[in-house]
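Thanks for passing this one along. Here are my notes, as numbered points, to read with the model open beside you.

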Amino acid sequence: MRTVVIGSGSWGTALAQVLQDNHQKVMVYGVAENEVNDINENHKNSKYFGDVELNPELKATTDIECVKGADIVLLAVPTIAIDPICHQINDLLEKKTIIINVSKGFHPETNERMSQVIRRCIDEDKLSSVVSLIGPSHAEEVVIRLLTTIDAISLKNEDALTVQNLFSNQYLRIYTGNDEIGSELGVAIKNVMAIASGILSGLGYQDNTRAALITRGLQEMIRYGVHFGGQQKTFMGLTGIGDLIVTCTSVHSRNFEAGYQIGKENSVENFFKNNTKTVEGVRTAKIVHRVATENGIDMPICEEVYQILYNGKLPSDCAQDLMIRDLKKEF
Ligand SMILES: NC(=O)C1=CN([C@@H]2O[C@H](COP(=O)(O)OP(=O)(O)OC[C@H]3O[C@@H](n4cnc5c(N)ncnc54)[C@H](OP(=O)(O)O)[C@@H]3O)[C@@H](O)[C@H]2O)C=CC1
Ligand SMILES: O=C(CO)COP(=O)(O)O
């Protein structure tokens, strides 16, 4: 089986290296010439991983034609790029292909989940199925082969098993599942919670507050996910509580880092002025606000993050406002 990884950023590089470590045929396609050259010539992707030495067999290209004849295409680009990249590769696919999604979020205009975007953009006769390879996994740790577990979620079990077998090894363990809705909603919304967690840390709150955020944040994720047909038990797994913990508590998380800056400065101004990183939770907060409002789903934490990012509300006021809402039972 030949896999093409689209995206020479942090997650694309780390996952391509997993396949290379597993002696699979894999090629990274990137638009950024410096990243591609760094991989080919220096066996590094310094922009994301500094001096970490990659598997020297790993190869990258800027030629999109490499997609031709691929059995599997793994899309490792930000959510906003999924729609255009699918249209771009659709003409190049030559057979029924497994498309692996690793992106966490929604289409910025249609609110679709990533699997829905891919199914809309790829012709039926060129798509075996979409497999979402998602869970608690910072690229910075996978690239140095630290033990990690994630899910291969697909409506076609056979393809989930193929991906499970292809990627699993001594440091990466893949479980399979088929709750596409619950899993994709979980990994999208946890990014908003990670921004909230960062904001609270930046404001100076500590362990009690973070535990409260994670626990009540999970309830919001369940409320939203179950409303749209996700299974409650999915939120107790890797794409729910697992991914929520890793992003709400990690020094690697870009969502947490963004929130931390916003909380520390008690303002979003500098973040929006200077950010160049992929912080998916920022767009997700806007979509969750829109969809939750339309559907009458109570999402108090997500709503405060939205108010901070888009309505100029002070982070310190948001934290206080969450505490003085009407008192109620936990469940
Ligand atoms: N990093 C991680 O640990 C994890 C990330 N994810 C998810 O993976 C997705 C990708 O994120 P990540 O790899 O971290 O992001 P990065 O910012 O590290 O890399 C994104 C890469 O995509 C490239 N890119 C952007 N647009 C296109 C395009 N149209 N065609 C080809 N390449 C493009 C960028 O190029 P350029 O540099 O030129 O902009 C960059 O190389 C996100 O949704 C994220 O949530 C999921 C789990 C873990
Ligand atoms: O999704 C991730 C870990 O599972 C990566 O999180 P960040 O995008 O916040 O860095």
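1. Start with the open sheet: eight strands in the order β3-β2-β1-β4-β5-β6-β7-β8, with mixed pairing. Strands here are DSSP E runs of at least two residues, and helices are H or I runs of at least four, numbered from the N terminus. Two strands pair if DSSP finds at least two bridges between them. β3 (60-61) and β8 (172-177) sit at the edges with a single partner strand each, so one side of each has no neighbour in the sheet.

2. The bridge partner of Y29 in β3 is T61.

3. Before going further, a caution: this is a predicted model, where local features need pLDDT of at least 70 and side-chain atom pairs count only at pLDDT 80 or more, while totals for chains, interfaces and linings use all residues. Residues are numbered from 1 along each chain as its sequence is written, and side-chain values use heavy atoms, with hydrogens and water left out.

4. The domain assignment (automatic or from a database) gives domain 1 (2-178) and domain 2 (181-323). Their C-alpha centres lie 25 Å apart.

5. K104, F106 and H138 supply 31% of what domain 1 buries against domain 2, more than any other three residues.

6. What about charges across the boundary? There are two salt bridges between domain 1 and domain 2, a salt bridge being a side-chain nitrogen of Lys or Arg within 4 Å of a carboxyl oxygen of Asp or Glu. The side chains of D243 and K104 meet in a salt bridge at 2.7 Å, N to O.

7. The whole structure has 18 salt bridges. In one of these, R145 pairs with D21, the closest N and O atoms being 2.7 Å apart. R145 is in the loop between α6 and β7 and D21 in helix α1 (residues 10-21), so the pair ties together parts 124 residues apart in sequence.

Note on methods. Chains are lettered from A and ligands numbered from 1 in the order in which they are written. Buried area is the accessible area (1.4 Å probe) that two parts lose on being put together, summed over both.
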